[in-house]
Amino acid sequence: GLERGAKNQFSTFSNFITTINQKKEGIGNRNSPTQLVIPNIKNVRDLPPICLDVRQKQRISIDTLPQELKAPIPPEPSLPIRTKTVKDFQDDVEKAKLSGDWKAVHDFYSTTFDSFLEINAAFKKDTNSPFNTIEDSGINAKFVNVVYDALLNTPQDVQKSVLKGVINGLLQEWKGPRTKDDLRAYCILLQNPQFSNTSTYVIYAHLLRQIAALTEADHHFLVHWSKKISQRRFKQLVDRLLQFISLRLFPAKPEEFPPMVKCTWWIPSATKVLALFNAANSLISPPIIAYTDFYNSTLDHIDLMEEYHNWQCYGNSHRFSFCQYPFIISIAAKKVIIQRDSEQQMISIARQSLVDKVSRRQKPDMNMLFLNVKVRRTHLVSDSLDELARKRADLKKKLKVTFVGEAGLDMGGLTKEWFLLLIRQIFHPDYGMFTYHKDSHCHWFSSFKCDNYSEFRLVGALMGLAVYNSITLDIRFPPCCYKKLLSPPIVPCDHNTLVGICDVTLDDLFQIMPELAHGLSELLSYEGNVEEDFYSTFQVFQEEFGVIKSYNLKPNGDKIPVTNQNRKEYVQLYIDFLLNKSIYKQFAAFYYGFHSVCASYALLLLRPEEVEILVCGSPELDMSALQRSTQYEGYQKTDLTIRYFWDVVLGFSLDLQKKLLHFATGSDRVPVGGMADLNFKISKTETSTNWLPVAHTCFNQLCLPPYKNKKELKQKLIIGISNAEGFGLE
């Protein structure tokens with residue numbers, strides 16, 4: 001393949017392109033919309049519907065565009081007649097392998113890839129049909145796959161001829177809008193496996209640049225065509241683009257590439273093309289690949305805060321920032337951005353408090369730098385509500401909790417305990433704020449009307465404080481809740497604007513009330529007469545404090561029967577009522593509580609699923625991973641006591657493992673970075689083996705006496721982790 005001697009064979013292509021461009025510059029301005037060398041990234045047009053600056057309050061989704069954009073369609077030039085079929089090509093390859101004569105195969109490749117017209121002549125399903133719709137690209141995908149699968153196993157001169165042909169196509173003088181044949185050619189060229197090799201990156205970069213600079217309407221077609229690519233090949237295309245970005249950022253051999261100053265447009269172009277695939281992926285339910293497959297972990301090692309500040313300062317200007325394309329930033333990197341943004345806000349608020357105190361000639365007090373919450377265990381909810389309401393101006397300060405009557409000092413552990421106990425009480429069914437749905441194992445907002453929704457605001461503030469202070473919570477909200485929490489991601493200035501309202505579907509209802517969702521799904525697929533058999537109207541009934549109340553889903557809904565013709569509207573209105581309208585006041589209070597603490601542009605980088613991970617961590621416990629990352633003080637990992645400990649812990653039930661994690665760290669949830677992020681430490685304590693283990697939750701530290709046998713260690717450990725509420729000082 002291309003690995004051997006690839007650099008020497010294809011290095012001349014870079015010089016060739018440069019020479020061509022120098023000649024073009026000598027000819028003068030021809031108003032060509034596509035030049036191969038761009039001295040400044042500002043010449044590359046943005047992609048409004050897909051790469052829109054996420055700071056804007058109204059994001060435009062690709063699926064909101066009309067089915068057929070009314071762009072002028074230039075006439076398609078007549079295509080050469082090419083009659084070779086998949087079987088003909090496969091026969092030629094087999095003959096070449098047996099005889100060693102690759103001329104027929106060489107001729108096919110060199111002719112097919114010599115121009116965009118020839119690419120269409122070879123791979124268009126019907127050369128006489130225009131294929132101007134978004135639903136059908138007209139590409140013979142099977143033929144394309146067979147040709148590309150064979151390419152890397154052909155001799156070097158064949159592979160070289162393909163790259164020369166690609167260069168010819170990219171160097172054409174483009175005048176006027178692109179045809180659908182041009183878009184087909186771009187779609188086919190993107191799938192070329194040769195672009196996995198760094199020696200072809202100069203050509204690949206120019207291809208990406210031309211695709212990134214296409215019009216909005218052209219991108220619309222490419223997005224819809226891309227969603228028809230098979231999962232395996234779609235993943236390969238995404239991985240190839242991610243690798244291109246990574247190797248341009250951190251090249252293993254810098255001499256392989258032009259200097260960064262001469263190709264600043266490489267990474268923006270690749271990222272914009274990657275955005276097209278991300279848009280295609282989001283159009284399908286379920287998506288072609290997981291959203292996490294678009295993460296580029298290489299970005300974890302760049303200056304993320306510089307990227308974030310550039311984005312904040314320049315927005316969607318021509319200054320590129322990865323934050324304009326948050327799908328490429330991993331959740332671990334986003335957590336770093338949010339943490340540092342929170343720290344900067346904390347420092348800024350604390351500094352302002354100090355300045356205010358000094359300006360009034362008052363003696364500074366260290367407590368003024370923190371959000372100090374003092375609560376009684378016996379009045380936990382009411383005390384917490386009062387404290388947070390009184391100290392609303394201090395919510396963005398570092399949180400410190402004190403339990404009245406206890407000697408514990410909060411270095412992080414008391415804060416975790418406060419969150420855990422408060423969440424446990426608020427979400428108890430007897431409290432009435434939330435309803436627990438056993439079928440889906442999640443909580444949802446109670447639709448009961450009340451005079452004061454301040455406690456819902458408290459729960460929102462708690463979630464915000466948890467994210468702000470990097471604490472994970474054991475909250476079981478459905479994914480729909482986090483989608484509503486980001487609707488919109490920035491609190492609107494106009495208080496009359498509705499918040500927490502999002503588009504909801506039957507899938508969202510399935511995640512909360514699966515039995516009801518199944519019934520509605522059956523209604524949609526029912527083949528009989530809906531009006532006569534169901535005898536339903538456009539109204540719903542709910543029980544509130546023992547009284548059945550009815551609500552119209554639309555004006556005069558009680559008089560409008562549900563029929564085969566309007567049942568889709570009925571189901572959609574029913575879902576919207578349950579998940580949006582019936583709980584609007586409760587969720588609005590929750591929304592404002594969360595954003596009173598977490599108001600930040602950093603939230604615009606997050607997907608709803610990522611907010612859930614930041615709030616709740618991961619419920620999946622991997623004790624073997626914890627064992628690998630544990631540090632020891634006074635012990636060696638080969639000591640008998642440590643071996644006993646891990647034998648016992650790995651044999652624990654999931655419930656006991658969660659209790660151990662809660663005992664040692666103050667939370668039974670795993671943080672975003674996994675078990676390694678816990679920095680768990682086991683220390684040797686020279687006390688009697690009659691003593692129970694002791695934990696310092698502020699430091700995720702377990703103090704373990706040197707128990708003499710496994711039975712004694714297991715007994716003492718279970719007693720310790722099962723009776724672990726409250727704090728004291730040694």
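## Confidence of the model

Across the chain of this predicted model, the average pLDDT is 84, and 86% of the residues score at least 70. Residues 1–71 have a pLDDT below 50, and this stretch makes 133 contacts in the model beyond near neighbours in sequence. Where pLDDT is low, the predicted coordinates should not be read in detail.

## Nonpolar cores

The largest nonpolar core comprises 178 residues. The residues with the most contacts inside this core are Tyr109, Phe277, Trp418, Ile426, Phe445, Met463 and Phe477. One of them, Phe445, touches Met433, Phe434, Phe456, Phe477, Cys481, Ile583, Gln586, Phe587 and Phe590, when residues up to four places away in sequence are not counted.

Another core, of 28 residues, lies apart from the largest one. Among its members are Ala625, Phe645, Trp646 and Phe663. In soluble globular proteins, nonpolar side chains tend to be buried together.

## Strands β1 and β2

Strand β1 spans residues 370–375 and is mostly covered, with five of its six residues buried. Its partner is strand β2, residues 398–403; the two pair in the parallel sense over six bridges. Within this pairing, Lys374 stands opposite Thr402 in β2.

Between the two strands, the chain passes through helix α15, residues 380–390.

Helix α26 covers residues 640–650, and its buried residues are Thr641, Ile642, Tyr644, Phe645, Trp646, Val648 and Val649. Of these, Phe645 and Trp646 are also among the members of the core of 28 residues.

The buried residues of α26 pack against both helices and strands. The helices are α25 (623–629), α27 (654–665) and α28 (710–722). The strands are β7 (631–633), β8 (681–684) and β10 (701–704).

Lys335 is located in helix α14, which runs over residues 331–359. Because its relative accessibility is 18%, Lys335 counts as buried, the cut-off being under 20%. Apart from neighbours within four places in sequence, Lys335 is in contact with Leu614, Pro671, Val672 and Asp677.

Cys698 is listed by UniProt, in an unreviewed entry, under "active site". Cys698 is placed in the loop between β9 (694–696) and β10. How exposed is Cys698? With a relative accessible area of 23%, Cys698 is partly exposed, because this class lies between the limits of 20% and 50%.

Methods. Residues numbered from 1 in each chain as written. Predicted model: local features only at pLDDT ≥ 70, side-chain atom pairs only at ≥ 80, totals over all residues. Heavy atoms only, no water. Core = buried A, V, L, I, M, F, W, Y, C linked by side-chain atoms within 4.5 Å. Buried < 20%, exposed > 50% of the residue type's maximum accessible area, 1.4 Å probe, protein only. Contact = heavy atoms within 4.5 Å. Helix = DSSP H or I, 4+ residues; strand = E, 2+ residues; numbered from the N terminus. Pairing = 2+ DSSP bridges. Right-handed = clockwise from strand over helix to strand, strands pointing away. pLDDT = per-residue confidence, 0-100. UniProt positions renumbered as here; feature names shortened; annotations may be inferred.
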